[in-house]
Amino acid sequence: MRGKHRSGLPMARSSGVKTSVEDEIAHLRDLGLAGLRARWQSVFQRPPPLHLPQHLLFAVLAFRIQADRFGDLDHGTRKVLDRTVSHESGSAMSDRLMSLDQSRTGLTPGTVLVREWDRQTHRVMVLADGFAWNGQTYDSLSKVAFAITGTRWSGPRFFGLRDKQTPSMSEGRR
């Protein structure tokens with residue numbers, strides 16, 4: 001006998017093997033709008049919002065399958081999203097999202113960043129209140145990058161802490 005996943009999709013076969021997340025999502029892809037609406041009803045125990053198009057119904061259901069299997073959002077992210085629903089002002093929400101991003105990408109004091117520039121290796125120590133390089137303290141990585149290169153740089157990008165452009169994007173801008 002097959003069990004049902006919270007998402008309403010089959011989860012276990014008589015052999016006890018779980019259906020993979022990929023298979024469950026592939027099954028969702030085969031459903032039309034009416035099928036996705038029916039699945040929403042079985043998963044969330046209420047009808048889906050009428051304004052949601054098929055691609056968003058699919059996205060929410062696919063997220064639910066993954067969250068049920070691998071774990072849901074962390075507490076901090078849920079708080080941010082809950083405040084979004086509570087109509088927090090745009091600037092307050094922007095500040096909150098920025099602080100959440102900084103806490104996830106923040107550097108721990110004592111970390112040493114290494115960058116080679118102009119055939120020299122540069123080591124920058126992360127401090128609680130800034131960055132130390134070449135015997136001086138700077139309040140931002142961008143200022144350190146400027147001191148090293150003499151040109152304006154995004155400090156996090158210079159030290160490899162931000163995503164680089166994909167090759168196809170950078171080739172198109174030459």
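In which helix does Arg64 lie? In this predicted model, Arg64 is part of helix α3. The residue is buried, its relative accessible area being 9%, which falls under the 20% limit that defines a buried residue. Through its side chain, Arg64 makes a polar contact with the side chain of Asp72, at 3.0 Å.

The strands β3, β4, β5 and β6 form an open sheet of 4 strands, arranged in the order β3-β4-β5-β6 with antiparallel pairing. At the edges stand β3 and β6 (136–138), each of which pairs on one side only. From one strand to the next, the twist averages 30 degrees. Between strand β5 (residues 130–133) and β6, the antiparallel pairing extends over 3 bridges, and Phe131 is placed opposite Tyr138 of β6. Helix α6, comprising residues 141–149, packs on this sheet and touches β3, β4, β5 and β6. The direction of helix α6 makes an angle of about 20 degrees with that of β5.

Most residues other than glycine have a negative phi. Gln45, although not a glycine, has a positive phi of about 60 degrees. Gln45 is located in the loop that joins α2 (33–44) to α3 (54–70), and is exposed, with a relative accessible area of 62%. Asp118, likewise a residue other than glycine, has a positive phi near 55 degrees.

Conventions
Residues numbered from 1 in each chain as written. Predicted model: local features only at pLDDT ≥ 70, side-chain atom pairs only at ≥ 80, totals over all residues. Heavy atoms only, no water. Helix = DSSP H or I, 4+ residues; strand = E, 2+ residues; numbered from the N terminus. Buried < 20%, exposed > 50% of the residue type's maximum accessible area, 1.4 Å probe, protein only. Polar contact = N/O pair within 3.5 Å; in protein donor to acceptor, adjacent residues only side chain to side chain. Pairing = 2+ DSSP bridges. Axes fitted to C-alpha atoms, helices over the stretch in contact; angles between N-to-C directions. Contact = heavy atoms within 4.5 Å.
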